[in-house]
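My notes are kept in the order of the look-ups.

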Amino acid sequence: MARGRRRWLRRPRGSTEHVAAGVTALAVATLLAQAAIAGARVTARYWPVLVVLAATALAVAAVWWVRRRSADRARAARRAGLRLTLSGIDALNDQEFEFALRDLLVRDGWAARQVGRQGDQAADVIGQHPALGRIVLQAKHTTVGGKVGSPVMYQVKGTAGPVHGADIAVVVTNGSFTRDAKAWGDKHQVRWVDRDRLRLWAEHGVALDELLRLPARRPRRRVRRSAARPVRLRRPETTQERPYSAP
């Protein structure tokens, strides 16, 4: 390879090779000059169009930046608008806990609804996000020190996608998880929020997608559900009334 390179890059030898090299260099220089002249002519002739295109690009970039800033401010305002302490969450009953999780999703920019009731097939809250897709939360309100075991993870894994068309499945508790439950959930894409993570989410205002490092994805197409009762999502401004008083 090295010898081949040296053969191609060696200096011209003899008058014939010098003339050929000079002709080649002249041809390349002529082409470059012609291209520069043509570019200058096009610019001189169509400069109003180029100015309009540049101005349009700048305007689009400015609109994107303004919208991005507005979205960031709105998100920050939502986070500041709801803080739930763990002591307040511990005092809730099961259904109130589900509504609290729904409100936390709404705070983070999801369109969410509490759907938990008998026969809910491991879905207490369902949310939809334009960038993150569809999420199913299974709420496990327990006494302090209570632990959620692996069977809950199995159940959520079996229904989140096939029944509810979810992209993301999460089990949330104000207690903790057994070691096997966390290991099985990590392996099979069933995310979990224990007491420590719940504190960050509810009290400190860390968004759920940041807390769990949820990847952005295209929402999955809605699949047929086996449940006879369809689940309809409401926008944050039309969500159900809270049956609890936020601390």
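Entry 1. I noted at the start that the model is predicted. I then looked up the largest nonpolar core and found 29 residues in it. Leu101, Leu105, Leu137, Val172, Leu198, Trp201 and Leu208 have the most contacts inside this core. I listed the elements that give it two or more residues: helix 3 (86–90), helix 4 (94–107), strand 3 (133–140), strand 5 (168–173), helix 7 (195–203) and helix 8 (208–211). Helix 4 gives the most, with 6 residues. Apart from this core I found another, of 17 residues, including Val136, Val156, Ala169 and Val190.

Entry 2. I took leucine 198 and left aside its neighbours within four places in sequence. Its contacts are then Leu86, Ile89, Phe97, Leu101, Val172, Thr173, Asn174, Val193 and Glu203.

Entry 3. How do helix 4 and helix 7 pack, and at what angle? I read an angle of about 60°, with the axes 10 Å apart. The two helices are therefore oblique to each other. On the helix 4 side I listed Phe97, Leu101, Leu104, Leu105 and Arg107, which meet Leu198, Trp201 and Ala202 of helix 7. I sorted the residues of this contact into 7 nonpolar, no polar and 1 charged.

Entry 4. Which residues of helix 5 (residues 150–160) are buried? I found Ser150, Val152, Met153, Val156, Thr159 and Ala160. These buried residues pack against strand 3, strand 4 (147–148), strand 5, strand 6 (176–177), helix 6 (179–187) and strand 7 (190–193). Val156 also belongs to the core of 17 residues from my first entry.

Notes
Residues numbered from 1 in each chain as written. Predicted model: local features only at pLDDT ≥ 70, side-chain atom pairs only at ≥ 80, totals over all residues. Heavy atoms only, no water. Core = buried A, V, L, I, M, F, W, Y, C linked by side-chain atoms within 4.5 Å. Buried < 20%, exposed > 50% of the residue type's maximum accessible area, 1.4 Å probe, protein only. Helix = DSSP H or I, 4+ residues; strand = E, 2+ residues; numbered from the N terminus. Contact = heavy atoms within 4.5 Å. Axes fitted to C-alpha atoms, helices over the stretch in contact; angles between N-to-C directions. Parallel < 35°, antiparallel > 145°, perpendicular 65-115°, else oblique. Nonpolar A, V, L, I, M, F, W, Y, C, P; charged D, E, K, R; others polar.
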